[in-house]
Amino acid sequence: MATWTSRGLRGSVLEDMINVTNQRYREKKLALIQKIPTPITPVRFDKDTSHITLAYFGQKSTVDYIGVVQGIPVCFDAKECAVDTFPLQNIHEHQVDFMGDYEEQGGVSFFLIYFSHRQECYYLRYSELLLYWNRMKQGGQKNFKYRELNPDYFVSPEGGVSVHYLSVLEKDLEERQKG
């Protein structure tokens, strides 16, 4: 069981941008996406501030976000990377399994990966993740590189939001239909 003792896990630049984007999508009635809180069991509190200072992760979390976009169920996770090589150890097997099950039920699963040093966000389709994941499982690279990514799946700021992933989701859905 993992322990949480830092305030550093309480948020990220990418999650903040996604939360603002999701609020805008909801206001415009484009999507209803919820942030899924990581389940924790508090152990110790700071008496002066009532903040949790020690907690255990109660169970494995699946994804960061889940919801519906114009009738299409979606789930995704947000990851940040400060270099051009993304380590697959940052993605957990139970997440891959959950996303696979989600896709089997007709949903769309993906990752939003923010390359912070480039200030660029990438929409990593579940099918693309599987290519890198299976390569790793077969003894290959335990990461993927920025240069391997499909330029068509970078997320551009648009319509007043910094992570306008709906436009790339639309491209993903079109590709699936051609499939």
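User: What makes a residue buried, exposed or partly exposed?

Analyst: Under 20% relative accessible area is buried, over 50% is exposed, and in between is partly exposed. This model is predicted.

User: Why is R118 called partly exposed?

Analyst: R118 has a relative accessible area of 33%. The band runs between the 20% and 50% cut-offs. So R118 counts as partly exposed.

User: Why is D84 placed in that class, partly exposed?

Analyst: The relative accessible area of D84 is 29%.

User: What makes R118 and D84 a salt bridge?

Analyst: The closest N and O atoms are 2.7 Å apart. The cut-off is within 4 Å, so the pair qualifies.

User: Which parts does the pair R118 and D84 tie together?

Analyst: R118 lies in the loop between strand 8 and strand 9. D84 lies in the loop between strand 6 and strand 7. The pair therefore ties together parts that are 34 residues apart in sequence.

User: How do you know that E103 and R176 form a salt bridge?

Analyst: Their N to O distance is 2.9 Å. A salt bridge needs within 4 Å, so E103 and R176 meet the definition. E103 is in helix 2 and R176 in helix 4, 73 residues apart.

User: What makes K79 and D77 a salt bridge, and are they buried or exposed?

Analyst: Their side chains meet at 3.3 Å, N to O. That is within 4 Å, so the pair counts. Both K79 and D77 are buried.

Definitions and conventions. Residues numbered from 1 in each chain as written. Predicted model: local features only at pLDDT ≥ 70, side-chain atom pairs only at ≥ 80, totals over all residues. Heavy atoms only, no water. Buried < 20%, exposed > 50% of the residue type's maximum accessible area, 1.4 Å probe, protein only. Helix = DSSP H or I, 4+ residues; strand = E, 2+ residues; numbered from the N terminus.
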